[in-house]
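Here's a quick walk through one model, starting with its sheets, then its helix packing, then its ligand site. Have a look at it first.

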Amino acid sequence: MSPRMEYKVSTDPSAEAVSLPSLVDPVKWITDERFSSKELRLFNDAAQLYELQLSRMEFLTLGNDLQQFGRRTAYFEEVMGRKSDHFFLSSVRGKGQIGHSNQYLTHWFYPYKGKFHGQMVKALINFMGVPEGGLVIDPFVGSGTTLVECATLGIQSLGIEINPALCMVSQTKGDALTIHYPDLEDFINSTNPTLVFKYFRDKEVSLAQWPISENEFGTDAQVLLEKVWTEYFPPGMVRDLPFKWRNVLLVCFMHAHSDYSYLMGTNKAMSLDAFFIRDLNEYMATLEGTYEILNRLDIHIQPPRVLFGTALDIPLASDSVDGIVTSPPYSIALDYVKNDAHLLRYMNMNTSQLRQAMVGLRGSATEKLRLYEKDMKRALEEMRRVLRPGAHAAILLGDVTVGSIRTNFCDRIVEWWTDMGGEALSMRRPILGGYARLRYEHIMLLRK
Ligand SMILES: C[S@@+](CC[C@H](N)C(=O)[O-])C[C@H]1O[C@@H](n2cnc3c(N)ncnc32)[C@H](O)[C@@H]1O
C-alpha cells in the first residue's frame, strides 16, 4: 500500500501528485485507504453524502472481519468479490422500493406513511456495533422498520407504540419473516381468496373500548392480536389458521383498504376485493422470496417483540439496552391519526383518546409545540436511562416550519443530550422530492 500523498497545486510537472483513485474512489476514503472499489463495492445507488458517511461508520466498526462485514453491511454490494447478504435481502423487492434502501422483505407490508429506510437503520445498528443477541429498541416503532432489520441481523428487538393498530402491524411484519412458506402456499392454493376477503369484510373489528390508558400499557402486541381474534372475529375459516398466517391476511386486508381509499377517484381505482386479491398475490410473492433467501443465506431470525405503550415511560431496567434507533413524530408534520383513518375506522378505534396520548398531536394550536417539547424531552430522558453506558441512540427527525417559524428541535435534542452529560452529533439527510415543508432530516447520534 502506498503512503498517502498530499495533493499539490503546482505547475511543476515533476511535482508529486496524488493518484486519481485516491482522489475519486469513495471506498478509499471510507476505509482509510485500506481497500479500493476493486475489493469492496458500494451499491451504485449509495451516492448521498449521508450514505457514504454511514458506510464509513459501519466499516470502521465492523470492517476488521470482512466475512462478518459481508453478512452485515448495509451499503456494500460486494465484499472481496462476494455479494453481501444485503444484496440478496434487498432483492426480495416490494411495492415502491427505491434501490436497495427500503420496502424489501416484509418492510412494504401495510403502506404506512411515516416509515424510515431499512438500509439506513441497518447501517446505524452496525455503526453501534450491536452484536448478535444484543438488544435494540425503537420506542416510537410505528410500522416496525427497526424490528425487521434487527430480526435479520439476529439481534433482539423491542418496539413500543401507542397506536394499537400499528402494534399489530409491526408484530405481524416481524412474525411474517418466519412463516414456513410452502405450508401457507398449500393453504392459499386450496382456498378461494374471495372467501377470505368476505370473512374480513363482513366483520368490522371494534377497538372502541380499548382504553389508551396507562393501565393497559405494557400489553404485548401478540396478546392484543389474540384479543382481536377471539373477541371480534367469528370462529372457523381464517380464525382457525395458524396465528402468523391469519395476522398476515388481516394486515393484507387493511393494506387493501388503504389502497382503496387512497386511489379512489383516480385512474388506478378498483374495487376493494380486487385490491385484496392483488395485494394477497404480491404478499405471497414476498413471503416466498423471503423464505427462500433466508434459507439460502442461513439467516436465523430473531423474533421481535412489540409493546403497546408509551415512549415516555419505557418498561425496561436502567442501563439495559445496547442501542436505540427511532424516528419520533415530527412536531405537527404529519397527522398520523388522519393518515391511518381507514385502518382506525376498520378497527373502530377511539381516535380522540389516541390523539390525546400521541406525541406531536396533543393540545390545541398554541400549546401543541410546548407539549411536544415537554414530551420529547421526557422521551429522551427515558432513552438515556435505559441505554447502557457507552451505547448509542440514533434519532431521525426533521424540523418543520410552523406558521412562518422553523422549529429547531433537532438542535435542542443535541443540546438536551449534552446537558445530560452525553456526547451528541447530527448528520443531515436530504429528502428528495419529499414533503414540501421539509427539505432535510437530521440523524442525531447520541452516545451515553
Ligand atoms: C415517525 S413514526 C415512526 C415510524 C417508524 N420509524 C417506521 O418506520 O414505521 C412515529 C410513531 O410514533 C408513534 N407515537 C406517538 N406518540 C407515541 C408515544 N407517546 N409513545 C410511543 N409511540 C408514539 C406514532 O403512533 C407513530 O407511529
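Two strands count as paired if DSSP finds at least two bridges between them. Helices (H or I, at least four residues) and strands (E, at least two) are DSSP runs, numbered from the N terminus. What you're looking at is a predicted model, where local features need pLDDT of at least 70, side-chain atom pairs count only at pLDDT 80 or more, and totals for chains, interfaces and linings use all residues. Residue numbers start from 1 along each chain as its sequence is written.

**Sheets**

Start with the eight-stranded sheet: it is open, has mixed pairing, and runs in the order β6-β7-β5-β4-β8-β9-β13-β12. Its edges are β6 (219-220) and β12 (423-430), each with a single partner strand, so one side of each has no neighbour in the sheet.

Three bridges join β1 to β2 (residues 76-79), and L40 has V79 in β2 as its bridge partner.

**Helix pairs**

Two packed helices are described by the angle between their axes and the distance between the axes. The axes are lines fitted to C-alpha atoms, for helices over the stretch in contact, and angles run from 0 to 180 degrees between N-to-C directions. A crossing is left-handed if the near helix is turned anticlockwise from the far one by less than a right angle, and right-handed if clockwise.

| Helix pair | Axes come within | Crossing angle |
|---|---|---|
| α6 (residues 118-128) and α7 (residues 145-153) | 9 Å | roughly 55° |
| α9 (residues 181-189) and α13 (residues 272-296) | 9 Å | roughly 155° |
| α3 (residues 49-62) and α6 | 8 Å | roughly 35° |

On naming the angles: under 35 degrees is roughly parallel, over 145 roughly antiparallel, 65 to 115 roughly perpendicular, and the rest oblique. Residues are in contact if their C-beta atoms, placed from the backbone, lie within 7 Å.

α6 passes α7 in a right-handed crossing. On the α6 side the contact uses G118, V121, K122 and I125, and on the α7 side T145, T146, V148, E149, C150 and L153.

α9 and α13 are roughly antiparallel to each other, and their crossing is left-handed. Y181, L184, E185 and I188 of α9 meet M284, L287, E288 and Y291 of α13.

α3 and α6 also make a left-handed crossing. From α3 come L54, S55, M57, E58, T61 and L62, which meet M120, A123, N126 and F127 of α6.

**Ligand site**

Which residues are closest to the ligand? They are G114, F140, G142, S143 and T145, out of 23 residues that surround the ligand. Being near means that the C-beta atom, placed from the backbone, lies within 6 Å of the molecule. By class, the shell has 14 nonpolar, seven polar and two charged residues.

Definitions and conventions
Nonpolar A, V, L, I, M, F, W, Y, C, P; charged D, E, K, R; others polar. Contact = placed C-beta atoms within 7 Å.
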